[in-house]
Amino acid sequence: MGLTEREAWLANFYRNSELHGALLMGRLARTMKDDTLLVEMTAHCATEARHASMLSRAIATAGAHLDPNVPTIQEAYGAEGGVPTALVDILVLSETLEAIVAEMEAKHGAEHAGWIEQALDHFEPAQVEAARQKWQAVDRAVASRIERDLDERFSAGSARS
Ligand SMILES: [Fe+2]
């Protein structure tokens, strides 16, 4: 069974976002000074890269095309909330993404984001809370915008919900 255009777009969106996450983590894993963070970031990079690889194969196996030009969730977050540069923002955002994707994959969520929780313990609680609130609001705005965009783009034929 093939994918609808909307499904193929979404699959590419997830695939590209996983890859973006892997590249971001890989970059961080070359810049930090803390050994524990370096170990966890490297592992996280590998995990996200594996997810991107699995999705790539799944898309191809389903007979759809891989499209590296489909934007990523991180780009959407950046457009909505500014590109995160502070470590606390990057960690909170990675944690948010982890939770979303774990939910989507129906997997035990916090499992591999546990290290992020621990890393966030080193920040001021108020700072972490502010970052969480900011990115949760950004996430809600991004989710509804993507849904609106998809409804507009693929309205013909696939309006089933
Ligand atoms: Fe992932």
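**View A. Helix α1 in the lining of the largest pocket.** Helix α1 gives the most residues to the lining of the largest pocket, nine in number. Helices here are DSSP runs of H or I with at least four residues, numbered from the N terminus. The largest pocket has a volume of about 470 Å³, a volume being the space filled by probe spheres set on grid points joined across faces, edges and corners. Of its 24 lining residues, the closest to the centre are Tyr-14, Ile-73, Leu-97, Ile-100 and Val-101. On a 1 Å grid over the protein atoms alone, a pocket is an open set of points where a 1.4 Å probe fits, with protein on both sides within 12 Å along at least five of seven lines; lining residues have an atom within 4 Å of a point.

The model is predicted: local features need pLDDT of at least 70, side-chain atom pairs count only at pLDDT 80 or more, and totals for chains, interfaces and linings use all residues. Residues are numbered from 1 along each chain as its sequence is written, and side-chain values use heavy atoms, without hydrogens and water.

**View B. The iron ion.** Glu-18 (OE), Glu-48 (OE) and His-51 (ND1) coordinate the iron ion at 2.1 Å. Donors are N, O and S atoms within 2.8 Å of the metal (3.2 Å for Na, K and Ca); water is not among the atoms, so the site may look incomplete. Glu-18 is buried at 4% relative accessibility, and Glu-48 is buried at 7%. Buried means under 20% relative accessible area (1.4 Å probe, protein chains only).

**View C. Asp-139.** Asp-139 lies in helix α6 (residues 125-153).

Technical notes:
Buried < 20%, exposed > 50% of the residue type's maximum accessible area, 1.4 Å probe, protein only. Helix = DSSP H or I, 4+ residues; strand = E, 2+ residues; numbered from the N terminus.
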